[in-house]
Amino acid sequence: MSNFVLFDDPVIRPALLPFTFTRPVADMRVGILTIAEKWARRLDTTPSFLTQPYLAHKYPQQTTTDNLYVNGALCPTDALIDRLKTLSTGESLLAPNGLLLAIRTDLAVDDAALLTELPQHTETFDAPIPTIRHLWSLIAANGDQIISDFSLITASRQSQPITDPFTRCYAPENVFIEEGAKIRAAILNAEDGPIYIGKNVHISEGSVLIGPCSFGEGTMVHYNSKMRKNTSAGPYCKIGGEIGNSILYANSGKGHEGYLGDSVVGEWCNLGASSNTSNLKNDYSTVKLYSYAHKGLVDTGRMFCGLFMGDFTKAGIGTMFNTGTVVGVNVNLFGSGLPPKHIPSFSWGGAIDGFMTYRLEKAIQVATEAFKRRNRAFDEQEESILREIFNIERMGPSNSPFTLFDPL
């Protein structure tokens, strides 16, 4: 196949903020794998990215004289892959609604907005494709993507056995355990969907896991945890309490009691003990969610919708999140009361005392320490991304529903 590039659709990317502040669209995790990892496994190749300039050093684009650009919001299907393999140079695929799905070209493009301006012959591809167009698309698709990724990862492979005599497993044929995983006195129920337990995962005593669910490499599930269906976490997360229909990206922690439902938590985040999310309104109406693309609330059409938290954000003990809350990158949130439904990046404070701008140098120091705790180096590349996000969110006009004060 041609050189393979996953591009950030210029309309979809803003709708997926705050997660796309720190990554390309295709590096978002839904199911067991990121979108890019799904494509890499299916095509047996390593894709590169056409993304924002400030992310390009971490996610560079590789080009040749034969490039296949594919929309990074698309989760691959067999039908789409088969069609891409027959795509000719100068030909593009559009969805019935006009969304650009893919284009093959002999040109190198440095701005995704220019892809539609290339000379091309267009064809419509009308087979269904799972597409992550909105924040709530992640939780809507997570269960089906766990099932799809499970089949992809485990095909023609043998699971490690469950050796613990005190662990009870229902539908063991739907459970896959990687090497180094440790399970102690847990209940695994895979009757309604698969359970994937990654390499060196630790499932502690008294935990209940209901499939479909997945736990990435090195993740710790603390004792007496309740993991409901359609949940995926990791790699290298520490989780506990009750979690349902939610995604936790790598290196994040929710290690204590408290409920997280219909939510997405980015990388390097932490939810303090007894933190809780509301995912259902008292009047059972559909949830409205802050949209960076619309700079205001939009109706998700969903009755269940919880918390969407950007990378590097921390919430203190007992934090209560309202139904449909969007929190930006590198927020330090604490105190009692229900905070606003949208908290911009680099905010410091809480519902009662209000918010200040999180001092950038302090935020970088905390991020550096978080990396050190996982034996990782917070390098200039990571720092430059955070500085750019700070400039985007804090130096321009604020769309905040509250007043910002002097920096801490």
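Residues count as buried under 20% relative accessible area, as exposed over 50% and as partly exposed in between, with a 1.4 Å probe and protein chains only. Helices (H or I, at least four residues) and strands (E, at least two) are DSSP runs numbered from the N terminus. The model is predicted; local features need pLDDT of at least 70, side-chain atom pairs count only at pLDDT 80 or more, and totals for chains, interfaces and linings use all residues. Residues are numbered from 1 along each chain as its sequence is written, and side-chain values use heavy atoms, with hydrogens and water left out.

Strand β35 spans residues 354-357. Its covered face carries Phe355 and Thr357. Gly354 and Met356 lie on the uncovered face. Strand β34 (residues 347-350) runs antiparallel to β35, and four bridges join the two; strands pair if DSSP finds at least two bridges between them. A hairpin of three residues connects β34 to β35. Within this pairing, Trp348 has Met356 as its bridge partner.

A pair of aromatic rings is described by the distance of the centres and the angle of the planes. Rings of Phe, Tyr and Trp (its six-membered ring) pair if their centres lie within 6.5 Å; planes under 30 degrees apart are stacked, over 60 edge-to-face, and the rest tilted. The whole structure holds 13 aromatic pairs. Phe334 and Trp348 form an edge-to-face pair, because their ring centres are 6.0 Å apart and their planes stand at 80 degrees. Phe334 lies in the loop between β32 (332-333) and β33 (342-343), 14 residues from Trp348 in β34. Phe334 is partly exposed at 35% relative accessibility. Trp348 is partly exposed too, at 24%. Trp348 pairs edge-to-face with Tyr358 as well, at 4.9 Å between centres and 75 degrees between planes. Tyr358 sits in the loop between β35 and α5 (360-373), ten residues from Trp348. At 3% relative accessibility, Tyr358 is buried. Elsewhere, Trp268, Phe312, Phe371 and Phe378 make up one aromatic cluster.

A pocket is an open set of points on a 1 Å grid over the protein atoms alone, where a 1.4 Å probe fits, with protein on both sides within 12 Å along at least five of seven lines; lining residues have an atom within 4 Å of a point. Of the 27 lining residues, Arg23, Asp27, Lys58, Tyr59 and Glu267 are the closest to the pocket centre. Helices α2 (35-43) and α6 (380-395) each give two or more residues to the lining.
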